[in-house]
Structure formats: C-alpha cells, structure tokens
Amino acid sequence: MDMAWSQEMEERIPHGKVRTRFAPSPTGYMHVGNLRTALYTWLIARHAGGTFILRIEDTDQGRLVEGATEIIYKTLRECGLDWDEGPDVGGPVGPYIQTQRRDLYKKYAQLLVEKGHAYYCFCEKAESEEDSGEFDRPDDPCRVLSPEEAQARVAAGEPYVIRQRIPKEGTTTFHDAVFGDITVENKTLDDQVLLKRDGLPTYNFANVIDDHLMGITHVVRGAEYLSSAPKYNLLYQAFGWEIPTYIHCASVMIADPATGTVRKMSKRLGDPSYEDLKAKGYLPQAVVNYVSLLGWAPHGELSEQEFFSMDELVRAFELEGISKSPSAFDMDKLNYFNAHYLRSLSPEDFYALAEPYLKEAVRAPQVDLKLLAPLVQPRCDTLLDIAPQVDFLDELPEYSTELYCHKKMKTDEANSLEALEMTLPVLESLTSWDHDSIYNALVDLAAAKELKNGRIMWPVRTALSGKAVTPGGAVELCQLLGREESLARMRRGMEKLR
C-alpha cells in the first residue's frame, strides 16, 4: 500500500498542547451523562489552556434523528461550552463529521489487514449477535483464511466486514487516570468489527482513528467503555501510535420513579435530558453547576464550595478530583441549585426569563407583570413554580373561611369579617391606588383601632387571594389586582363570612 496519504495525515496533526474532544451521536436530546462528559472534556481543555473540539459521530445511520445535530450545538452553547474546532467552525484536522471521513477509515482498516492486525470476514452475523458477545472469536473460519484467498473473495465482490485480530494469548494492560492500571486477558476479548459491510466504521474504530488524527491527548467517556479500552490500546499499538490519556467517569445513578430501584441513568428509560430539565424550568447554569459535581469534587480550600461560575470551574477542575464511585442524581439537590441561581438574578434578568411564564399564567389585563415578578422570584425553585403562585390573580378560587383563622395573627372568622367591614370604606375612599397609599391607609386604620397590622392585613390578603400562601401581602395584592377587582373580592369575602 502506498503510504503517502498516511504521511500527509500525520503531518496535519497538531502537537504541543492539550486537545480534547466531545464526540456525540446525533440520536436525540443530550442526556445528563453526555452533558457531564462534554463538560469535563471542555474543562480539561480550558484548565490547561488547550483546544476543545466538537466532532459529530454519525456512522450509526439507523439511529440518527433529524435535527439532533442542531440540538447538540444549541445545548452546548446554552451551557457555555464553546468549541475551538468543529463542523461549523472548521479547523486544521477536518472534516469533523464522521460520514464525511468514510474513505479514510477504509484505508486504515486495510492497512491493519496488511499488518496482520485485522482480517476480512465474510460470515453473515446479525448486529444482535455482534452485540450479544456470543460470537465465538476462535472459531471464526475467516480468521485463518490466507491473504490470497481473502483478497480473491474481496475482488469477486463478496460482502465483507473487517475485524480486529485480537491476540489469542497473553494480556493487555491499559492505564486510566481515574481507575489506574487495568489488565485483561486477551482471550476474553472478541474480534470486534472495525469496518461494516456498508463501508462505514464502527464506533470503536472510528474513535481511535479520529482521536489520533485530530491529536487528541485526553479522552473522557463513561465507565461502561472500560471494557473496550483494551481493544483501543491494541489498535493504537498496531498502528504504532501514542495512546491518549483515558479518563473513564463512573456512572450517574438515579432512583427509578416506578420501582424505587437505584439504577444507571438512561434516556431510553425516560430519565431527564438537558432539554427535559430546561422545559421543567431549570436554568442552564444551575444544571451545569450541579452536573459538574456528579462525580467530581474540588480539593483544598474549595472542598466545601458548591456554587461555581464557569471561570471558577475552569480554575478548580483537576483530574484528581474525579471519583471512581457512582454518583446519585437527586432532583431535590438540583432544585436547591436552581433556586440559588434564580434568586441570584437581577430583577431585570429574572423578569426576562419569567415573562413568558407570567404571561401564560396571568391574563388579567390590569396586573402589572413587572410588579409581580419580584414577588415570585424569592419563592421559586424552578420557573414552573410561577404559575401555581399566581393563578388566583385571574380568578378567585373557591376557598374555605377557615383560611381567615390564623393563630399568629390572632384572627378568626368573626374578627376577620369586622376587619373587612372596617377596611372596605377606607379603601373605597382612596383617591390614589398605589402601594404607599394602600399601605398607609391600612396601617393607619390598624393604629386608629389599636390593632396589630396583621389583624387587618391577613383578612384582606385572604379575601383577595383565597389562598394561605401568596407572593406578597395585602398591600401588594391590592396594587396588582387594581381598585375594582380588590374591592369586589373583599365584598365577596364579607358575604362568605356572614
């Protein structure tokens, strides 16, 4: 085989700095485990001042989902994970989409055949048989075909795959930055398919070729790929290439909503993807911060810190902080993170996020949403918490008069009726319906009657909302609802109490 093409590819490889890649398959939304892989990969590159690459692995044509590549771009951008090289920005080692590199894989597979580290296989094996691990490597008759016979069958147009020739004896040892040295017996490894009948590479083969040709120095992936690492090593060794640093991350676990059983997170089992979390009112920065701590912990003076900006994560992230133990995805903990980020937003930024939720929940034209937003902000864990807090503004719900009874405020049904009867004419007489005017009127009334403010405020708030908990008190609700609606609701409350 003429090796000029190989030399040309080697000369393109960048050297001298950390280079990492995130290589998702465009098969749907990005699940939490994938997002964590992308984040750790990005952090390794940014911490070292290196290069972060986005590569699209679309060789599994049967599972591709239309529009999924755009979802990948959008998710990474929303999470602040910018890339230096990729399909949309280019770079020195493109193309960055695997199907656009298909001719390349065939050359490297054939080179392995020439070197004796792979062979043509003409056996018809279903994909399910390949995945089951039941394919008996030593008995594969194609493994012992002479090169001449194999080439003759290829030349005759017989369909084939190219398989990796795994040594029958001995062991293979690989090093992982998290799990250390791991040794496996070669007899436990199967002769995996490298090149499929359609000419496209398998995931495992394309990864090795692309990682080498793109100069990848650190490879981050889930611990489920530990079993494939020996075969990767054997491929690198067969080509005479330098092996990158492996970083295998332990699984993210979750309690199954149906059974309560703790299991690995899986998008196939309906566990939340990034898009699902966003739809449930979680902020990208909260999700990223929480996901960063699913299997990694800062050291030293940062060991107790929970909340990190992206710049802080870049400075703090070190491989030594990655754990061998599985981590637990906890929605309550994510709520805690999200609440922190929501409450830390400026009023302007919170309103920008909350406006569509407020408009969906409140249709009453007199309600000023910009006045409402600051009242709900401290009471939200997610943006979906907005609607249940403000639904009474459109329509007063049916409620029990027991709501007027409040031990701390020293109110009951009888004195609440008295309070409303005293308050109604005072509010009716106001010439200006604004916060200060309403507040002063209610406070002055309580003082004149020698009552604590709560004896007036609680009945008014209850009459206006029909709820035990509201964003804002009596004054704020009067201001939001406006004069006519507020007075009408107070009259209705008086009727219920009589």
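Modeller: At 41% relative accessibility, Glu185 is partly exposed, where buried means under 20% relative accessible area, exposed over 50%, and partly exposed in between (1.4 Å probe, protein chains only). The side chain of Glu185 meets that of Lys187 in a salt bridge, at 3.5 Å from N to O; the term requires a side-chain nitrogen of Lys or Arg within 4 Å of a carboxyl oxygen of Asp or Glu. Lys187 is exposed, its relative accessible area being 59%.

The model is a predicted one, in which local features need pLDDT of at least 70 and side-chain atom pairs count only at pLDDT 80 or more, while totals for chains, interfaces and linings use all residues. Residues are numbered from 1 along each chain as its sequence is written, and side-chain values use heavy atoms, with hydrogens and water left out.

The structure holds 31 salt bridges. In one of them, Arg77 pairs with Asp88, with 2.7 Å between the closest N and O atoms. This pair links distant parts of the chain, eleven residues apart: Arg77 belongs to helix H3 (residues 68-78), and Asp88 to the loop between H3 and helix H4 (102-115). Helices are DSSP runs (H or I, at least four residues), numbered from the N terminus. Asp88 is partly exposed, at 36% relative accessible area.

A further salt bridge joins Lys278 to Glu275, with the closest N and O atoms 4.0 Å apart. Both residues lie in helix H9 (residues 274-279), three residues apart, or about one turn of the helix. Lys278 is partly exposed, at 23%, whereas Glu275 is buried, at 16%.

Note on methods. Helices (H or I, at least four residues) and strands (E, at least two) are DSSP runs, numbered from the N terminus.
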